[in-house]
Amino acid sequence: QVQLVESGGGLVQAGGSLRLSCAASGRTFSTYTIAWFRQAPGKEREFVAAISWSTSSPYYADSVEGRFTISRDNAKNTVYLQMNSLKPEDTAVYYCAADQYYSGSYYYPTAPSFESWGQGTQVTVSS
């Protein structure tokens, strides 16, 4: 398993931007699919975006498509989530998750499919 550490969260006004980072340990980072999930108070954890280990193809939830961009830098063992045009409903704790040689769905990824998780970073969008 890899160890994951998120950073970059904070408080931003609606319409603003943030970039989250997910730094991973280990020498096999390129074999891991990395996903971002988020969880708002009183709600279930939901999928946000993922990037494939094999093709680096990005996948997004409908709610963030066109506003968020996921990317990876395998040389730095880091995945980024660029979040633009933020809305108050984007407020949540954001978690990155990893699964080696992930073979599950990229359109409806579920949290139990990912073996490693970071501690989360808070994103708050004020109206």
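Rings of Phe, Tyr and Trp (its six-membered ring) form an aromatic pair if their centres lie within 6.5 Å; planes under 30 degrees apart count as stacked, over 60 as edge-to-face and the rest as tilted. With that in hand, a search of the whole structure turns up nine aromatic pairs.

A word on the source: this is a predicted model, where local features need pLDDT of at least 70, side-chain atom pairs count only at pLDDT 80 or more, and totals for chains, interfaces and linings use all residues. Residues are numbered from 1 along each chain as its sequence is written, and side-chain values use heavy atoms, with hydrogens and water left out.

The protein has eleven strands and zero helices, taken as DSSP runs numbered from the N terminus (strands E, at least two residues; helices H or I, at least four).

| Pair | Centre to centre | Angle between planes |
|---|---|---|
| Phe37 and Phe47 | 5.9 Å | 70° |
| Trp53 and Tyr101 | 5.0 Å | 85° |

Phe37 sits in strand β4 (residues 32-39) and Phe47 in strand β5 (residues 46-51), so their pair ties together parts ten residues apart in sequence. Trp53 belongs to the loop between β5 and β6, and Tyr101 to the loop between β9 and β10, so this pair ties together parts 48 residues apart in sequence.

How covered are these rings? Buried means under 20% relative accessible area, exposed over 50%, partly exposed in between (1.4 Å probe, protein chains only). Phe37 is buried at 2%, as is Phe47 at 11%. Trp53 is partly exposed at 30%, and Tyr101 is partly exposed at 46%.
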